[in-house]
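I opened the model to look up a few things about its fold and some of its residues. My entries follow the structure.

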Amino acid sequence: MWLSVAAVSGALAIAAGAFGAHGLRDRVTPDQVAAWSTAANYHLLHSVVLLALALFALGADRSIRLPGILFLVGIVLFSGSIYLLVLTPWRWVGPITPLGGLVLIGGWLSLLSLARN
């Protein structure tokens with residue numbers, strides 16, 4: 001399942017990055033384009049992490065449930081909230097972005113559980 005999640009997430013990250021680079025430049029401010037770019041970069045980076053975790057789980061026969069969930073939720077909250085901030089007038093989603101960042105940090109810290117033998 002995690003391999004599929006990584007594949008879909010990575011494809012969406014590439015689409016988001018392309019949309020930001022080609023579809024937003026004439027529609028939003030340069031600051032908003034920069035924010036979108038940050039969201040797409042974090043989205044893609046953490047999609048690659050999900051891919052690496054899925055491959056690790058296949059090879060090591062270990063569960064990656066906790067880090068997988070944290071990275072996926074972090075992507076949705078962090079990148080998703082920035083995408084919404086750029087595309088909509090919904091300023092209320094702004095406080096969600098740092099929560100997403102904290103969840104991503106939690107995902108990285110949860111990798112310590114995989115370091116145990």
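**Overall**

I looked up burial first: of the 117 residues of the protein, 39% count as buried, where buried means under 20% relative accessible area, exposed over 50%, and partly exposed in between (1.4 Å probe, protein chains only). The model is predicted, so local features need pLDDT of at least 70 and side-chain atom pairs pLDDT 80 or more, while totals for chains, interfaces and linings use all residues. Residues are numbered from 1 along each chain as its sequence is written, and side-chain values use heavy atoms, with hydrogens and water left out.

I went through the secondary structure and found five helices and zero strands, in the order α-α-α-α-α along the sequence. Helices (H or I, at least four residues) and strands (E, at least two) are DSSP runs, numbered from the N terminus.

I noted a box of roughly 50 × 25 × 15 Å for the C-alpha atoms, taken along the principal axes. The accessible surface comes to about 6800 Å², and carbon and sulfur atoms hold 72% of that; the method is Shrake-Rupley with a 1.4 Å probe, and for residues only the protein chains shown count as cover. For contacts (heavy atoms within 4.5 Å), I took the pairs at least 6 apart in sequence, and 70% of these join residues at least 24 apart.

**Helix H1**

I checked the length of helix H1, residues 2-22: its 21 residues should span 30 Å at 1.5 Å a residue, and the end C-alpha atoms are 30 Å apart, which agrees. The expected span is 1.5 Å times one less than the number of residues.

Which residues of H1 are buried? I listed Trp2, Val5, Ala6, Ser9, Gly10, Ala13, Ala16 and Gly20. Seen down the axis of H1, these fall within an arc of 125 degrees, so they line one face of the helix; the arc is that of the directions from the helix axis to the C-beta atoms. An α-helix has 3.6 residues a turn, so residues three or four places apart point the same way. The cover over the buried residues of H1 includes helix H2 (30-60) and helix H3 (65-87). On the other side of H1, I found Val8, Ile14 and His22 exposed.

**His46**

I placed His46 in helix H2, and at 3% relative accessibility His46 counts as buried. Leaving out residues up to four places away in sequence, His46 touches Phe71, Ile75, Leu104 and Trp108. The side chains of His46 and Trp108 also form a polar contact of 3.0 Å. A polar contact is a pair of N or O atoms within 3.5 Å; within protein, one must be able to donate a hydrogen and the other to accept it, and residues adjacent in sequence count only if both atoms are side-chain atoms. I also read 8.8 Å between the C-alpha atoms of His46 and Gly74, which are 28 residues apart along the chain.

**Thr97**

I found Thr97 in helix H4 (residues 96-110), buried with a relative accessible area of 13%. Its side chain makes a polar contact of 2.6 Å with that of Ser81. Beyond neighbours within four places in sequence, the contacts of Thr97 are Leu77, Phe78, Ser81, Ile82 and Leu85.

**Asp61**

I looked at the loop between H2 and H3, where Asp61 is found. Asp61 has a phi near 55 degrees, a positive value in a residue other than glycine. Most residues other than glycine have a negative phi. At 72% relative accessibility, Asp61 counts as exposed.
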